[in-house]
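Subject: Structure handover

Hello,

Here is the structure for you to look over. My notes come after it.

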Amino acid sequence: MSTTRDVIDAPRRQGWIAMLPNAITICRLLATPVLLVAALQRWPMFFAWLLLACLLSDIADGLLARTLRLHSPFGAALDSAADMLVTIIAAVGTIRMQWPFIVAHAWQLELLAGLFVGEVLISLTRYGRLSSFHTYLVRISAYAQGAFLLSLLFWGYSAPLFYFMWVVSCLGQLEEWVILALLPEWTSDVQGLYWVLKRRAT
């Protein structure tokens, strides 16, 4: 049976719940300087475990936002900024601690980096901010990148995992390039090219 106090406290509890996804994202942002230090100092195990925590937090805040329907332009932009910082630092850590792998796959990594940087520059030029499309394909590629890098750090190189990650990541970036060309205004959480075309057709 509900009491008067329960009724009064309900909006407060809902308010705290509504802040959870952004709070998790902010924690990920606060972890990035420590992650960068671990990358620069070449602390592979500490770097790997902290990177795992960052990746799990990315999954957690996304699940919470979708489950509780807490999408907002601010949350999407904050999540994109945190994801970009973690991605860049993960690349720095890989270069610092896995140089033979970098040399062996130079052209594949250069192509992927070029697609990523190009998408960022086009988004900043077109919208004045980072894109926050959060397409399904980019989410899958982010999980694949995290899985490959953690596997590389913990157990060593896996060719099937690398090429799966690389193909999916390139496709995800190319899809975002096309979406950038189609959307004249900044839009968050567009799901993918299919949904963009579907909305344009209606």
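Predicted model: local features only at pLDDT ≥ 70, side-chain atom pairs only at ≥ 80, totals over all residues.

Residues are numbered from 1 along each chain as its sequence is written, and side-chain values use heavy atoms, with hydrogens and water left out.

Salt bridges

The search of the whole structure gives four salt bridges. The criterion is a side-chain nitrogen of Lys or Arg within 4 Å of a carboxyl oxygen of Asp or Glu. Helices here are DSSP runs (H or I, at least four residues), numbered from the N terminus.

Start with Arg28. Its side chain meets that of Asp58 in a salt bridge, at 3.4 Å, N to O. Arg28 is in helix H1 (residues 4-41) and Asp58 in helix H2, so this pair ties together parts 30 residues apart in sequence. Arg28 also forms a salt bridge with Asp79, at 2.7 Å, N to O. Asp79 sits in helix H3 (residues 73-97) and Arg28 in helix H1, so parts 51 residues apart in sequence are tied together. Asp83 makes a salt bridge with Arg28 as well, at 3.2 Å, N to O. Asp83 lies in H3 and Arg28 in H1, so that pair ties together parts 55 residues apart in sequence. Through shared partners, salt bridges join Arg28, Asp58, Asp61, Asp79 and Asp83 into one network.

Are these side chains buried or exposed? Buried means under 20% relative accessible area, exposed over 50%, and partly exposed in between (1.4 Å probe, protein chains only). Arg28 is buried, at 2% relative accessibility. Asp58 is buried at 18%. Asp79 is buried at 11%.

Helix packing

Axes are lines fitted to C-alpha atoms, for helices over the stretch in contact, and angles run from 0 to 180 degrees between N-to-C directions. Under 35 degrees counts as roughly parallel, over 145 as roughly antiparallel, 65 to 115 as roughly perpendicular and the rest as oblique.

The axes of H2 (residues 44-67) and H6 (residues 136-154) come within 10 Å and cross at roughly 160 degrees. That makes the two helices roughly antiparallel. The crossing of H2 past H6 is left-handed, meaning that the near helix is turned anticlockwise from the far one by less than a right angle (right-handed if clockwise). Contact means heavy atoms within 4.5 Å. On the H2 side, the contact residues include Trp49, Leu52 and Arg66. On the H6 side, they include Arg139, Tyr143 and Phe154.

H5 (residues 106-127) packs with H7 at about 25 degrees, their axes 10 Å apart. H5 and H7 are therefore roughly parallel. H5 also passes H7 in a left-handed crossing.

Glu176 lies in H7 (residues 159-182). Glu176 is buried yet has no salt bridge. Which side chain of opposite charge is nearest to Glu176? It is Arg139, 8.9 Å away. For charge, Lys and Arg count as positive and Asp and Glu as negative; His and the chain ends are not counted. Not counting residues up to four places away in sequence, Glu176 touches Glu119, Ser131, Phe133, His134, Thr135 and Val138.

Leu137 is in H6. Leu137 is partly exposed, at 26% relative accessibility. Leaving aside neighbours within four places in sequence, Leu137 is in contact with Val168, Leu171, Gly172 and Glu175.

Best wishes
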